[in-house]
Amino acid sequence: MNSLLEQIHLLAPLALGIIAVWMLLPREGARPWILASLCGLSAVLWLTKNFLPPAEDWVQTGMFYAFAAGAVLSGVMMITESNPVYAALWFAMVTLSVCGLFLINAAPFLAAATVVVYAGAIVVTFLFVIMLAQQGGATGYDRKAFQPTLASIAGFMLLACLLFTLQEWGGKAVVVEGEEPKTPRPQFVLPPAHMVTNPLSHPMPRSDRPDQNDLGTLQGVGRSLFGDYLFAVELAGTVLLIATIGAIALSPRRSQGTL
Amino acid sequence: MEWLQNPLIMAGVAIGIALGGILTTCAYLILLERKLSAWMQDRLGPNRVGPMGLLQPLADGAKLMLKEDVIPGHVNKFLFVLGPAISVFTTMLAFAVVPFGPVSHEKGQFPFVIAPGVDLGIVFIFAVTSLAVYSIILGGWASNNKYSALGSLRASAQVVSYEIPLGMSVVGLALLHSSMSLEKILINQAEMGFLGWNIWYQPVACLIFFTAALAESNRLPFDLTECEQELVGGFHTEYSAMKWAMFFLGEYTHVITISFLTSVLFFGGWHFPFIAEAASAYPGAWVVKVGVLLFKVSCMIVLIQMLRWTIPRFRFDQLMSLAWKGLIPMATVNVLIVMCVLEFNLPRLWLLPLSLLLFVGVGLIGTQASLPASGAVRRKKPVGPIVAAAHH
């Protein structure tokens, strides 16, 4: 119980968040918009106390707030929107906002790849399916959320796990052997020691790199993917290949008369 | 001239020149297209406004601006207006990393590219142009019209499919130049001379890139999204006046970007033997370089416009099998060839015969697979479910 109380700065805003999203989920009748947005706003503000990035120049900070607010707002709008076409568009907005966050964190390739894959292909496919399926107008299951209570609790459990881990990454001082942390808060930059020693992911120590300046460049991404994390990348590739084969095996054949 | 050192000044000038150039060119591309089609069909074409019809774009522009801008009552207003805006915005944004002259990184010099030093280069262009499909989807869906919806459905399938060969065709280039940056690929080609142009090493990739990019821009022979005979106007059936024109502004900007990309990636950019080498620094060299690049770009644009009046529109299943059964396997094998040549340290000129061999092989397989025998089997498919569906 004590350990739970220690995490009150996480649990209380999350509980507020659950309430906010639960109130906003689509249902019959009116939804308490104002109360829910107040709850959500206070939850976000409470969380920012612990998860604020180190302040840099005002352009960076302003852009961070713009993209972060866009991502959170679009995310909430996406799950509370009762029109599936709008929900898919809000999902595209979430993706674009998160890509903006990637960009200001010097990961342009990740941003571009996410835009191509998610905003450019997956959401387009969603829209495609929704437009084909929605020709008779909105159906009952669009107007009402299915099990709103369980869904919001489960979603926020996941969020709680993520935030707990993040807090361990950024909040506690990270000590890399033989090197004093240069800034007082080396936040969200270096993984903690037990992550570094994970046999599946061996990021090379910085000093071994041939050139120091490849952080954020395509060469850096390539070297990291096919050097440091080769095992994980190959594993992911194999899983995707199996999934592709499975999808082909599941899909109906022309000879079976469908399509 | 202290104020010239400010990075914002030159970026602003570059944006102004690029935007102004693109908008003017778009207007005159329409005139060129009409003149070309008239020439190919043995007509005269527009010849009333100004000498030889040269002021026709101005008259067209004034007409589009002053026309009544109808928003039908049954549409979703916000998305209806958003559609054309996205179309212009994404295609213009893609031009930000395209070099339109000898790129310079020095402060106070005209950079000849809006955003110099973008390491991503071509990936950025793919990311931005992949968003252009939203304009068609939103425009088609918000119009609340069956023809528009069908057009946008076709568009989404087409654009998502053709993005794959488009992306895979430049992987070979990235391997050869170990960079995705357009500026680096251009300067590498210029330093290697005439035989360094990528077209000698990657002819098949050039063909795939050009085809897929043309399909992305939804122009004939890939314009199934607006297909007049079947869909009235496709996704833009309900649009009028300037909003309709913005869709076409987006399309023509896309054509310009494709032409620039093909010239820069495969035809050496501003490089031309003797007159515009990497080392040439005679006074006015930059004018010649820009001129050479613009000449190559105009050739590509004329080629695209002639294609429009030469090749008839694809059928939808032909369109899909071209992407999935033709271009994607071809692009994959092409990447494999480049990897083999680099891995075994073969001379790079091996890529030319190997690519031609690949092209011939794909052609043979493609023609053999579509012989009437296999088509007859497909046609035996029972039509029962379709008839049954019609009764519901």
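Cavities of chain B in a predicted model

Q: By class, which residues make up the lining of the second largest cavity?
A: This is a predicted model: local features need pLDDT of at least 70 and side-chain atom pairs 80 or more, while totals for chains, interfaces and linings use all residues. Residues are numbered from 1 along each chain as written, chains are lettered from A and ligands numbered from 1 in written order, and side-chain values use heavy atoms, without hydrogens and water. Counting Ala, Val, Leu, Ile, Met, Phe, Trp, Tyr, Cys and Pro as nonpolar, Asp, Glu, Lys and Arg as charged, and the others, Gly among them, as polar, the lining has seven nonpolar, three polar and one charged residues.

Q: Which element gives the most to the lining of the second largest cavity?
A: This cavity has a volume of about 90 Å³, and among its lining residues are Phe126(B), Phe209(B) and His254(B). Two or more lining residues come from each of α4 (122-129), α9 (203-216) and α11 of chain B, helices being DSSP runs (H or I) of at least four residues. With four residues, the most comes from α11(B).

Q: How many cavities of 30 Å³ or more are there?
A: A cavity is a set of points on a 1 Å grid over the protein atoms alone where a 1.4 Å probe fits but cannot get out; lining residues have an atom within 4 Å of a point. Points are joined across faces, edges and corners, and a volume is the space filled by probe spheres set on them. The count of cavities is two.

Q: Which element gives the largest share of the lining of the largest cavity?
A: The largest cavity has a volume of about 220 Å³. Of its 18 lining residues, Ser87(B), Ser135(B), Ile136(B), Ser217(B) and Asn218(B) are the closest to the centre. α3 (77-94), α5 (133-142) and α11 (241-266) of chain B each give two or more lining residues. The largest share, five residues, comes from α11(B).

Note on methods: 1 Å grid on protein atoms, 1.4 Å probe; cavity = no way out; pocket = protein on both sides within 12 Å on 5 of 7 lines; lining within 4 Å.
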